[in-house]
Amino acid sequence: MIEYIKGELTELSPALATIEAAGVGYGLNISLTTYSAIQGKKEVKLYVYESVREDAYVLYGFVSKKEREMFELLITVSGVGPNTARMMLSSMSVGELCNAISTGNERLIKGIKGIGKMTAQRIIVDLRDKIVELGIADEIPAGGTMAAPVNNAVKDEAVSALTMLGFAPAPTQKVVVAILTEQPDLPVEQVVKLALKQIK
């Protein structure tokens, strides 16, 4: 079993990281959370989940053990496969997901692409107690990338405005959170202006 891979980051896209370790290039499927955390780095260490099926052998990489634990919990839920779990971890941080599950926020979970009402309910019922038992809920920042809490009112308003302009909610939220983490006192309009320059 591969616990983690540490080496040179040779290629990076929002969905895939290639790490060269001991002359071997490992392609790891990653979430947007991990992508944001390792962007611009030369040497990285990603925790690994191995998905072995009859027709494929796929590696998933995570910037923190907490993110991997959350991924492993999500795929235990009926109807949630590795790609859906990765989509969930791209749309929300580990802390935000834990918060949504522990408070039973079905609407928030259902807002993630590929998650229907029944799946959202199953995720809440199946995982509410488990995230507390495993202590995942204790770590609100995912991989330490959100050191300071952001102004949720400003964040929600900025994301809402950008979504109305036609941008997808998941990547938009990532950009807005990153801006507010660096400059927590910015007003909504400034956040939106900065985000418009950064969203691809």
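I will start with confidence, since the model is predicted. The protein averages a pLDDT of 86, and 91% of the residues score at least 70. Among its elements, strand β3, residues 24-29, has the highest mean pLDDT, at 97. The lowest mean belongs to helix α7, residues 152-164, at 84. There is also a stretch to treat with care: over residues 139-148 the pLDDT is below 50. That stretch still has 16 contacts in the model beyond near neighbours in sequence. Where pLDDT is low, the predicted coordinates should not be read in detail.

Now the strands. In what order do the strands close into a barrel? There are 5 of them, and the order is β1-β2-β3-β5-β4, with mixed pairing. From one strand to the next, the twist averages 55°. As a reminder, strands of a sheet pair through backbone hydrogen bonds, either parallel or antiparallel.

Take β1, residues 4-12, and look at its partners. With β2, residues 16-21, β1 pairs in the antiparallel sense over 4 bridges. A hairpin of 3 residues links β1 to β2. To find this pairing on the screen, look for Leu 12, which stands opposite Ala 17 in β2. Leu 9 is another place to look; its bridge partner in β2 is Ile 19.

β1 also pairs with β4, residues 43-52; these two run antiparallel and are joined by 5 bridges. Here Gly 7 stands opposite Val 44 in β4, and Glu 8 has Glu 43 as its bridge partner.

How many bridges pair β4 with β5? The count is 6, again in the antiparallel sense. One of the partner pairs is Val 48 with Gly 61 in β5. The hairpin from β4 to β5 has 4 residues.

Next, the helices that lie on these strands. Helix α2 lies across β4 and β5, and runs at about 15° to β4. Helix α3, residues 82-91, packs on the sheet as well, touching β3, β4 and β5. The direction of α3 makes about 15° with that of β5.

Helices also pack on helices, and I have two cases. In the first, α2, residues 65-74, meets α4, residues 94-102. Their axes come within 10 Å and cross at roughly 40°. Because of that angle, α2 counts as oblique to α4. The crossing is left-handed. Which residues make the contact? From α2 they are Lys 66, Glu 67, Met 70 and Leu 74; from α4 they are Val 94, Leu 97, Cys 98 and Ile 101. Sorted by class, this contact has 6 nonpolar, no polar and 2 charged residues.

In the second case, α3 packs with α8, residues 169-182. The angle is about 40°, and the axes are 8 Å apart. So α3 is oblique to α8. On the α3 side the residues are Leu 89, Ser 90 and Ser 91, which meet Ala 170, Gln 173 and Lys 174 in α8. By class, there are 2 nonpolar, 3 polar and 1 charged residues here.

To sum up, the strands close into a barrel, and α2 and α3 lie on it. α2 in turn contacts α4, and α3 packs with α8.

Note on methods. Residues are numbered from 1 along each chain as its sequence is written. This is a predicted model: local features need pLDDT of at least 70, side-chain atom pairs count only at pLDDT 80 or more; totals for chains, interfaces and linings use all residues. Side-chain values use heavy atoms; hydrogens and water are left out. Axes are lines fitted to C-alpha atoms, for helices over the stretch in contact, and angles run from 0 to 180 degrees between N-to-C directions. Angles under 35 degrees count as roughly parallel, over 145 as roughly antiparallel, 65 to 115 as roughly perpendicular and the rest as oblique. A crossing is left-handed if the near helix is turned anticlockwise from the far one by less than a right angle, and right-handed if clockwise. Contact means heavy atoms within 4.5 Å. Ala, Val, Leu, Ile, Met, Phe, Trp, Tyr, Cys and Pro count as nonpolar, Asp, Glu, Lys and Arg as charged, and the others, Gly among them, as polar. pLDDT is the predictor's confidence in each residue, from 0 to 100. Two strands pair if DSSP finds at least two bridges between them.
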